[in-house]
Each structure stands twice: as structure tokens, then as C-alpha cells.
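The following exercises concern the structure shown below.

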Amino acid sequence: MDLIFVLMVAIGVFAVFVVATAFSLKSSMELHKRTMDAVASHNVKHLDDLKPEDKE
């Protein structure tokens, strides 16, 4: 009986870890997407600031 209880607790802890990891990855991917969008927008706005040799 004690072994079943320990196994159930271990599965519960693992499930919480998986959910926390998934949430963290989702948040990280959203931040990455916003950052890349901001960088792309900045680059488009400043294309004419480049010297001709920088555009190659």
C-alpha cells in the first residue's frame, strides 16, 4: 500500500514538473516571437540608414 502511495506522489510531482516546463517554454517562445518581430520592424525602418557596402 505504501509503495502505491509513493508511486502516485511521484507521478503527481512529475506531472506538475511537466506542466511547469510546458508553461515556461510557451512563455519563452512568446517572448522570442515578440523580440524577433521588434527586431524585424526596427530593421525595416532603418534600411535606408545603411551604407551601400553594408547592404551586401
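**Exercise 1: A pair one turn apart**

K26 and E30 lie 4 residues apart in helix 1, which spans residues 2-45, and are thus separated by about one helical turn. The model is a predicted one.

Task: Determine which contact K26 forms with E30, and how exposed E30 is.

Solution. Step one: the closest N and O atoms of K26 and E30 are 3.1 Å apart. Step two: a salt bridge requires such atoms to be within 4 Å. Step three: K26 and E30 therefore form a salt bridge. Step four: E30 has a relative accessible area of 37% and is partly exposed.

**Exercise 2: The other salt bridge**

Task: State how many salt bridges a search of the whole structure finds, and describe the one that K33 forms.

Solution. Step one: the search finds 2 salt bridges. Step two: K33 forms a salt bridge with D37, with 3.2 Å between the closest N and O atoms. Step three: K33 and D37 are 4 residues apart in helix 1, so about one helical turn separates them. Step four: K33 is exposed, at a relative accessible area of 52%, whereas D37 is partly exposed, at 43%.

**Exercise 3: A nonpolar patch**

Task: Identify which residues make the nonpolar surface patch, and decide whether M8 is buried or exposed.

Solution. Step one: M1, I4, L7, M8 and I11 make the patch, which covers about 610 Å². Step two: M8 is located in helix 1. Step three: exposed means over 50% relative accessible area. Step four: M8 has 56% relative accessibility and therefore counts as exposed.

Technical notes. Residues numbered from 1 in each chain as written. Predicted model: local features only at pLDDT ≥ 70, side-chain atom pairs only at ≥ 80, totals over all residues. Heavy atoms only, no water. Salt bridge = Lys/Arg side-chain N within 4 Å of Asp/Glu carboxyl O. Helix = DSSP H or I, 4+ residues; strand = E, 2+ residues; numbered from the N terminus. Buried < 20%, exposed > 50% of the residue type's maximum accessible area, 1.4 Å probe, protein only. Patch = residues over 30% accessible without salt bridge, like charges linked within 9 Å, V, L, I, M, F, W, Y side chains within 5 Å. Areas by Shrake-Rupley, 256 points an atom, 1.4 Å probe, with all protein chains shown as cover.
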